[in-house]
Amino acid sequence: MAEIHRHNGLRKNVSHQQRFEEGYVRIPESGCWIWIAAMSDGYGHFMVNGKLIKAHRYAYEQKHGPIPEGLQIDHLCRVRCCVNPAHLEAVTQQENMERGKKYSNNHSRDKTHCPQGHPYSGDNLYIMPNGGRQCRICKNQSVINYRLRQKTTSAAQSCGG
């Protein structure tokens, strides 16, 4: 069962670490810590002392200390929105790129869960016409979200909005 933490607004006397852990992370069975707050290009973002930083970099530094000069943080799990420090490693840009190439060649076949933590198996697995795999839960939610946006747009247009 997935553990869900929700942010309850800004609270005084709460550390950045406590806000990070209690407000912005969902922990599915996959072991990833899925970032559920602000994101860009698949990476989570987190505000610390008025500065926007990447959430996975913050998580790494809290567990392992400062990121060594010239190194990048690689997601061993290959899930960009994961902030589990056990899934993060400081590597050179070249190593990060080589790992990414290996992953891009094998990732679909090897993945057992979608980025949201749902299993790619049983009734939840949809095989697309091109042979790719898709999570039915996420696919269905995407359709629901699309229809809601269409309704909202139609209602606003009919009201002169």
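Predicted model: local features only at pLDDT ≥ 70, side-chain atom pairs only at ≥ 80, totals over all residues.
Close-up 1. If you wonder about the cut-offs, buried means under 20% and exposed means over 50%, so a value in between gets the label "partly exposed". Glu95 has its place in helix H3, which covers residues 93-110. Now look for Leu71: Glu95 and Leu71 are 24 residues apart in sequence, and their C-alpha atoms are 9.6 Å apart in space.

Close-up 2. How many disulfides does a search of the whole structure find? The count is 0. Start with Cys32: the closest cysteine sulfur belongs to Cys77 and is 3.7 Å away, which is too far for a bond. The cut-off here is 2.5 Å between the two sulfur atoms. Cys82 is in no disulfide either, and for Cys82, too, the nearest cysteine sulfur is that of Cys77, this time at 3.8 Å. Are Cys32 and Cys82 buried or exposed? Cys32 has 6% relative accessibility, so it counts as buried. Cys82 is buried as well, with a relative accessible area of 0%.

**Close-up 3. An open sheet built from S4, S5 and S6.** Here you can follow 3 strands in the order S4-S5-S6, with antiparallel pairing. Which strands sit at the edges? They are S4 (39-40) and S6 (51-54), and each of these pairs on one side only. As a reminder of what holds such an arrangement together, strands of a sheet pair through backbone hydrogen bonds, in either a parallel or an antiparallel way.

**Close-up 4. The pairing of S5 with S6.** Zoom in on strand S5, made of residues 43-48: S5 and S6 run antiparallel, and 4 bridges join them. To find your way along this pair, pick out Met47, which stands opposite Leu52 in S6.

**Close-up 5. Stepping back to the whole protein chain.** The chain has 4 helices and 10 strands. Of the 161 residues in the chain, 25% are buried. The accessible surface comes to about 10,800 Å², and carbon and sulfur atoms account for 50% of that. What about contacts between residues at least 6 apart in sequence? Among those, 35% join residues at least 24 apart.

How values were computed: Residues numbered from 1 in each chain as written. Heavy atoms only, no water. Pairing = 2+ DSSP bridges. Helix = DSSP H or I, 4+ residues; strand = E, 2+ residues; numbered from the N terminus. Buried < 20%, exposed > 50% of the residue type's maximum accessible area, 1.4 Å probe, protein only. Contact = heavy atoms within 4.5 Å. Areas by Shrake-Rupley, 256 points an atom, 1.4 Å probe, with all protein chains shown as cover.
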